[in-house]
Each structure stands twice: as C-alpha cells, then as structure tokens.
Amino acid sequence: MGRSHVGIQLMGEPQAEIDVCLRGLLSQGFDARKVPLASGEIATAGREDILVFAGSYRPALHVPARLSDLAGSRRSRTILFLDAMDPRSFSEFEQAGFFFVNVTTDMSVKSLVGLIAEVDPQAVYQASKTAALRASMSSGIADAVVDLFGRLRADPVAPALAESARQRWAMDELIGKSPMSVWIDLIQNYHDGTAQHCALVSGYTLAFARALGVGKEQTGRLFDAAFFHDVGKALIPLEILDKPGPLDPAEWEIMKRHVLHSYDILSRDAQTNGEIARVARDHHEYLDGTGYPQGIRGREIDDITRIITICDIFAALTEKRAYKPPKPFDEAYSVLASMAGTKLDPDLVRMFEKVAAESDGGHQPVMSAA
Ligand SMILES: [Fe+2]
Ligand SMILES: [Fe+2]
C-alpha cells in the first residue's frame with residue numbers, strides 16, 4: 001500500500017476505560033499503546049499516529065491550547081472523548097483543528113473503531129488484515145490448504161473431509177470479521193497455485209452463500225463442493241499446472257482430465273461420492289452445452305454446480321497465475337456478466353455482483369467490536 005505505519009496512542013482517564021479500549025484495539029489487530037497523560041512520550045509518536053484523548057473536560061487543565069500542545073501538528077488525527085463539557089466549548093475544539101467527537105462518558109471499542117475509520121480508513125483495513133493473519137496462523141489455514149493436495153494424491157478422502165470442516169469454520173470466522181478483500185489478500189500470499197485457488201474459490205463461495213442468504217446446512221454443502229472441486233489437479237503434472245504460457249492442444253486435453261480425476265478421488269469416500277464428486281466433475285460445464293467433460297446443458301446442471309462455477313471463474317480471473325497477472329475485480333465481473341444467460345445462470349451472476357463489489361479494495365472495512 002506504500003504508506004506509513006499507523007499506531008493508535010491512547011491517553012486519558014479513567015484508566016480502566018482506557019485499558020478496556022487498549023485490549024479491544026489490540027485484539028482487533030491495531031497497533032495501540034497507552035501513554036501517560038501529558039507525557040513527553042507523545043512527542044515521539046509517529047507522524048501517521050492517531051491520538052485518542054479521553055477524559056473529563058476541565059478548562060483549567062485541558063484548554064484547547066494545552067491539547068494542541070499534546071497533539072502537536074497532528075490535530076486532525078486526534079480523536080477526543082470528553083465528558084462534563086459545556087457544549088458551547090465545541091467550537092473552540094473545532095477551531096483548534098481537532099477531529100472533534102462528542103461529549104460522552106461511554107468510549108467503547110466499537111465507537112472508537114468507527115471514528116478511526118473516519119480519520120483513516122486504511123488504518124482499520126490494515127488492522128483487520130493483521131487480525132485475520134493472526135487468526136489464520138493460529139488455525140493453520142495456510143499450511144492445511146497447501147498440504148491438502150499432497151495428501152489427496154494417495155491418502156483416503158476422510159482426513160481431508162475432517163480438514164475441510166476445520167477450514168470452513170476458520171474461513172467463515174475470518175470472512176465474518178474482516179472485509180472480503182482482507183481474505184483475498186491473505187490467500188494471494190500463498191505460493192501453491194492450486195491450493196491458493198481452492199481456498200479462494202471456497203472464500204468466494206462462503207461470501208456468495210451469505211449474499212444469497214442460504215442456510216447453514218446448504219452453506220456447508222456449498223463449501224465442501226468448493227473446497228474439493230479441483231482436487232483432481234493433484235494428478236495433473238506440475239509442468240502443465242505451472243506452465244508460464246498458454247497450453248498446447250495436447251496439454252489442454254490433459255488439463256481437462258482434472259475433473260474426472262476429481263470425480264475418481266472423491267468417489268473413494270462415502271461422504272464425498274455423491275453431490276461433492278458430481279460438482280467436481282461438472283464445474284466446467286456451461287448452460288449452452290459448450291463445457292466439458294460431457295457437454296451437458298441447461299437443467300442438467302444443478303444449482304450448486306452453477307454457484308461453484310461462477311465462484312470458480314471469478315477466482316481464476318482474479319488470481320495471479322504463472323501465465324497471467326490478476327484481473328481487476330470490476331473487469332472480472334464484466335467477464336462473468338458477458339457469460340450470463342448463455343453459459344452461466346443470469347440470476348446468480350446478478351446476485352454475485354455484491355460479492356464482486358465487496359472484494360474490491362480495502363476501503364470500506366466492516367469491523368465490529370470483539
Ligand atoms: Fe477446475
Ligand atoms: Fe477451479
């Protein structure tokens with residue numbers, strides 16, 4: 001992002017309230033610390049830091065000139081929570097250039113994060129990403145997804161299914177707490193291309209399930225179908241998967257077999273040999289019959305497959321591959337829109353627009369107090 005680091009400096013009173021906010025901000029990924037009131041330490045705060053001052057307004061002690069000393073040249077990045085203040089004094093603070101807030105005795109983490117978002121939306125986005133990274137490390141998403149494909153080459157499917165349940169829980173939690181773009185940034189740091197793709201399709205599918213308002217049970221089925229849809233690529237030679245250019249016709253024929261390999265792998269286990277295996281086999285089929293492997297069409301393609309196909313195409317377009325850079329989200333959505341009605345379900349493509357928009361950038365963070 002090419003920007004300076006943002007820290008949150010908290011000072012004021014009562015101390016118990018400041019401590020609650022400090023813990024809340026730290027748990028949400030902010031770099032926050034408490035500084036003693038009127039401490040000289042404030043002078044060492046970075047230029048990008050946001051200062052939060054809380055406490056009672058006592059004119060003798062906290063006249064605007066005094067606060068402006070504390071905040072130095074960063075007054076527009078100072079958030080004030082003051083109580084016991086005469087509302088007529090508001091204008092003094094505004095004129096002194098503070099990001100003036102309110103007269104309140106209730107400084108909650110939620111309101112503070114909302115105000116930080118107004119002063120510096122990117123700071124909230126970065127914090128959200130830090131929190132997501134931390135959570136993903138503790139739940140091992142990165143390692144587990146990358147491992148999955150190696151294990152599926154030989155092992156039974158059951159351990160992978162157990163892994164899928166853990167991943168869904170962890171991803172759902174991350175996507176619920178962070179902007180979709182945080183999740184995408186996170187996954188794009190993985191190196192194993194197919195594992196990255198599988199995780200990205202799973203994330204888009206969860207977000208799509210939320211947008212469609214489907215229930216918990218169906219969300220679970222959608223997630224598993226997404227998570228396993230490309231497992232057959234474990235049997236495609238790496239020279240083809242990672243070829244830094246277009247595939248020739250013979251290579252393309254080998255690549256297309258991944259759907260049948262997926263079907264074979266998933267048919268090994270009773271839990272995956274029905275719907276999950278079928279979606280994996282059919283996720284490259286199109287409504288107009290131009291897809292593969294069977295060229296089935298229209299009603300022969302069920303809803304769950306239609307959903308996964310949309311998420312799969314959007315993921316493929318927006319991820320970096322050996323042979324292409326990622327497409328911007330709006331362009332990727334235009335590609336989907338151009339396929340709606342002929343190859344893809346037009347109603348579903350329309351409903352996916354919300355997911356595509358949420359995926360774009362990190363500028364509208366949605367944070368809630370932990
Ligand atoms: Fe595929
Ligand atoms: Fe795929």
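The exercises below treat the metal sites of this predicted model. Residues are numbered from 1 along each chain as its sequence is written, and chains are lettered from A and ligands numbered from 1 in the order in which they are written. Local features need pLDDT of at least 70 and side-chain atom pairs pLDDT 80 or more, while totals for chains, interfaces and linings use all residues; side-chain values use heavy atoms, with hydrogens and water left out.

**Exercise 1.** Identify the protein donors of the iron ion (ligand 2).

*Solution.* Donors are N, O and S atoms within 2.8 Å of the metal (3.2 Å for Na, K and Ca); water is not among the atoms, so sites may look incomplete. Lying 2.1 to 2.3 Å from the ion are H197 (NE2), H229 (NE2), D230 (OD) and D312 (OD). Their spacing in sequence is H-x31-H-D-x81-D. H197 belongs to helix α10 (residues 193-212) and D312 to helix α16 (residues 303-318), 115 residues apart; helices are DSSP runs of H or I with at least four residues.

**Exercise 2.** Are H197 and D312 buried or exposed?

*Solution.* Buried means under 20% relative accessible area, exposed over 50%, and partly exposed in between (1.4 Å probe, protein chains only). Both H197 and D312 are buried.

Methods:
Helix = DSSP H or I, 4+ residues; strand = E, 2+ residues; numbered from the N terminus.
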